[in-house]
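Trainee: Please take a close look at one part of this model. I would like a connected account of a single loop residue and the sheet around that part of the chain.

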Amino acid sequence: MADIVLWNGNPFSVYTRPEKVWVDGAMLYDSNNPRLRPVSDFELGQPGEGVVK
Amino acid sequence: MRCLLLGLAALIAAPALAQTTGQTTAIVGGTLAIGDGSPPLPNGTVLFRNGRIVAAGNAVEVPAGATVIDAHGKWVAAGIVAGFTDISIAEIMGAREGNDTRAPKSPFSAGLDISSAVNPRSAVLGLERSGGVTRAIVSPEAAASIFGGQGAVISLGPDPITRPRAFEFVELGEQGGQNAGGSRPAAFAMLHDALAQSEEFRRNPSALGGHEKESLVKRSDAEALVAVLEGKMPLLAHVERANDILAVLALRNEYPKLQLILLGATEGWMVAQQIAAAHVPVIAAALSDLPEDFERLGATESNVGLLDRAGVQVAISTINQTEPQQQRRLTQLAGNLVGFGRLPGATGLEWGPAFATITSRPAHALGLDGEIGSLRRGRRADVVIWDNDPLELSSAPVAIFIDGIAQSTRSRETELRDRYMTPTEGSLPKAYER
């Protein structure tokens with residue numbers, strides 16, 4: 001399965017965050033692309049909607 | 001110059017070295033993490049004498065006769081000040097009788113003095129100290145009232161109480177509402193009535209009843225709340241919801257001398273400007289990012305960064321973290337804030353302010369930043385030498401000084417680890433090895 005994480009640094013470092021995530025080869029998260037930063041049903045219409053989680 | 005290029009282990013074996021009155025200790029060559037918000041400073045020197053910092057920086061001369069510790073390749077950091085803890089007043093979860101944090105059946109509340117429960121021999125101290133924690137804010141929890149009682153600042157070294165009765169703890173959010181009988185208005189009614197009775201007591205001490213079984217304010221409670229009203233003892237208020245934060249800030253309209261500190265403040269980012277304008281420090285929940293209850297619907301990892309950006313003096317604590325709330329994890333939580341700052345669209349902290357959230361800023365919140373929380377001149381010499389960047393997961397302290405006195409870096413946990421590290425087939429059980 002092409003489940004791959006591109007980290008923005010050493011994955012064991014406290015400073016590191018995922019940059020891109022692929023599941024079964026499909027890119028489902030991209031920290032640089034707001035369209036690939038999902039907002040859950042719960043957040044929708046709540047005071048924190050749109051604030052980065 | 002008496003140059004003792006000691007192995008750090010040897011230093012621990014001879015703690016008397018640093019205790020000699022008048023003797024200066026110089027830690028040279030390390031990267032300094034001063035704790036005051038400044039960035040790490042490579043190749044610096046820290047001097048301390050008689051339990052106090054004399055100097056820390058790049059242009060510090062080592063005086064003749066000083067005991068010199070070589071810290072090249074290491075980090076020399078201010079000891080961690082843990083922002084909101086039960087260190088030394090609770091042993092483990094689930095053992096009620098060994099836990100002095102709450103007193104649900106006591107008729108007393110605001111007057112309870114947690115410093116009388118501090119146990120400097122608690123096994124917890126060794127573990128926390130081995131993670132670089134040198135001081136802790138210890139707070140009672142509120143149970144039968146909105147008030148928990150008077151918290152303390154403690155040392156994890158030989159002299160346990162740094163400041164008794166350092167603050168009064170009060171619940172004014174969802175928990176406060178429940179404690180007061182079921183709603184936020186009930187919590188504020190209890191607060192105003194307790195403060196009014198305390199004000200009457202201040203004017204005429206003999207007028208206070210307080211002996212009836214159901215009385216809201218006992219004598220010791222009134223004494224503590226008078227100190228709060230006069231601004232002599234800060235009021236640490238636990239609130240999470242934005243509107244509850246504003247309600248706490250508004251208390252100063254009625255009680256102008258109140259010294260307020262906000263605890264938790266998960267939705268603080270929504271009212272960050274108001275908090276900053278009121279000059280009220282915050283001991284925030286670190287990385288509270290899930291809407292686990294209705295008062296935290298606006299939870300976001302950007303909270304601390306946004307509060308800082310608005311000019312709030314924000315520290316962090318393990319409140320709202322999953323139990324057990326080990327304070328040695330504060331370095332990781334501060335490191336997360338740095339990492340979060342590198343995520344597009346998020347707001348975190350630079351390294352210096354992130355380290356300050358677990359050193360000088362909790363001290364500042366209690367008005368103790370002249371005494372603890374940084375390596376600036378005159379502060380207590382709480383100094384930790386780390387093998388690398390203290391906020392990194394793989395780093396560990398190799399030497400710890402509290403009030404300038406070398407402390408053990410070992411704990412019950414290291415004893416157990418070492419006992420079982422090397423199993424030997426055919427030998428007696430480990431309990432026979434000493």
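Mentor: A:Asp24 counts as exposed, because its relative accessibility is 54%; buried means under 20% relative accessible area, exposed over 50%, and partly exposed in between, with a 1.4 Å probe and protein chains only. The model is predicted: local features need pLDDT of at least 70, side-chain atom pairs count only at pLDDT 80 or more, and totals for chains, interfaces and linings use all residues. Side-chain values use heavy atoms, without hydrogens and water; residues are numbered from 1 along each chain as its sequence is written, and chains are lettered from A and ligands numbered from 1 in the order in which they are written.

Now the backbone. A:Asp24 is not a glycine, yet its phi is positive, near 50 degrees. The residue sits in the loop between strand E2 (18–23) and strand E3 (26–30) of chain A. Strands (E, at least two residues) and helices (H or I, at least four) are DSSP runs, numbered from the N terminus.

Both strands belong to an open sheet of chain A. Three strands make it up, in the order E1-E2-E3, with antiparallel pairing. Two strands pair if DSSP finds at least two bridges between them. Strand E1 (4–7) and E3 of chain A are the edge strands, each pairing on one side only. From one strand to the next, the twist averages 15 degrees; axes are lines fitted to C-alpha atoms, and angles run from 0 to 180 degrees between N-to-C directions.

E1(A) and E2(A) run antiparallel and are joined by four bridges. A:Val5 stands opposite A:Val21 in E2(A).
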